[in-house]
Amino acid sequence: MNNPEFEMLATAAYKGERVAARRLAVRDQLSEAQALLQVLTLAAGALGLARLLAEREQLRQRDEERRLARQAAAAHKLALRKASLQPLATAWRGWFDGSAHPNPGQIGIGALLCGPDGQRVEISRRAGHGSSSDAEYLALTALLEAAGSTGATELTVYGDSQVVVNDVNLGAARGAKGLEEHRARVVSLMAALGGVQLRWVPRHRNGEADRLSQQAIQRPPGDEGAVAQLSAAGDL
């Protein structure tokens with residue numbers, strides 16, 4: 001039996017039949033191809049081997065079509081999900097981050113707001129004393145306030161603090177204790193802006209906001225920092 005014929009038999013055989021063929025080959029000192037031929041011939045019975053192979057091939061092709069259909073459906077679903085995550089051409093995007101050194105300690109907040117026409121607002125300033133959660137919330141608050149003053153619309157905000165993102169998205173009923181005032185302020189600002197989406201991102205995707213918050217911490221005492229608003233042309 002040549003290799004193509006053996007491959008055809010191996011493709012048609014079920015797992016149990018291949019196992020039986022290997023045992024038969026060992027027991028009767030046959031090649032695996034000869035043993036598999038015997039096993040499949042026995043399985044075919046009165047229908048004959050050719051009929052069995054044809055039916056198995058039809059089943060294999062049907063299973064392959066179903067697999068490809070599932071794969072295509074999954075790819076389509078993923079494409080739709082990715083498209084839903086992409087900001088619209090008219091949308092604004094923002095990133096925020098807050099640091100407390102030590103924790104609790106001196107707070108530095110950083111945020112970046114970008115508009116569809118190249119608008120860019122950077123926030124980097126000290127914000128008093130508190131915990132890391134206070135810092136993150138104050139950074140988010142500053143970003144939303146800047147968005148309101150610039151007339152930002154269709155805003156998507158990203159932050160790497162799961163505590164804050166979950167606290168806002170879960171709402172007062174399931175929010176964290178001790179953050180009620182921060183949450184209320186943020187929710188009020190988001191409602192005023194309308195259509196704001198708040199999403200978590202890993203820290204490595206929040207680099208600009210982290211840089212701005214760390215820069216704020218490094219400012220000398222008395223230098224609280226400010227908001228730098230850049231035009232589409234990049235001028236301060």
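The model is predicted: local features need pLDDT of at least 70, side-chain atom pairs count only at pLDDT 80 or more, and totals for chains, interfaces and linings use all residues. Residues are numbered from 1 along each chain as its sequence is written, and side-chain values use heavy atoms, with hydrogens and water left out.

The structure holds one aromatic pair (rings of Phe, Tyr and Trp, the last by its six-membered ring, with centres within 6.5 Å; planes under 30 degrees apart are stacked, over 60 edge-to-face, the rest tilted). Trp 95 and Tyr 158 are stacked, because their ring centres lie 5.7 Å apart and their planes meet at 25 degrees. The two residues are 63 residues apart and link distant parts of the chain. Strands (E, at least two residues) and helices (H or I, at least four) are DSSP runs numbered from the N terminus.

Elsewhere, Arg 56 lies over the face of Tyr 14, 3.7 Å from the ring centre (CZ of Arg or NZ of Lys within 6 Å of the centre and within 35 degrees of the ring normal).

Helix H5 (residues 132-150) packs against helix H6 (residues 162-170) at an angle of about 60 degrees, with axes 9 Å apart. H5 is therefore oblique to H6 (angles under 35 degrees are roughly parallel, over 145 roughly antiparallel, 65 to 115 roughly perpendicular, the rest oblique). Axes are lines fitted to C-alpha atoms, for helices over the stretch in contact, and angles run from 0 to 180 degrees between N-to-C directions. In contact (heavy atoms within 4.5 Å), Ser 133, Glu 136, Tyr 137 and Leu 140 of H5 meet Val 163, Val 164, Asp 167 and Val 168 of H6.
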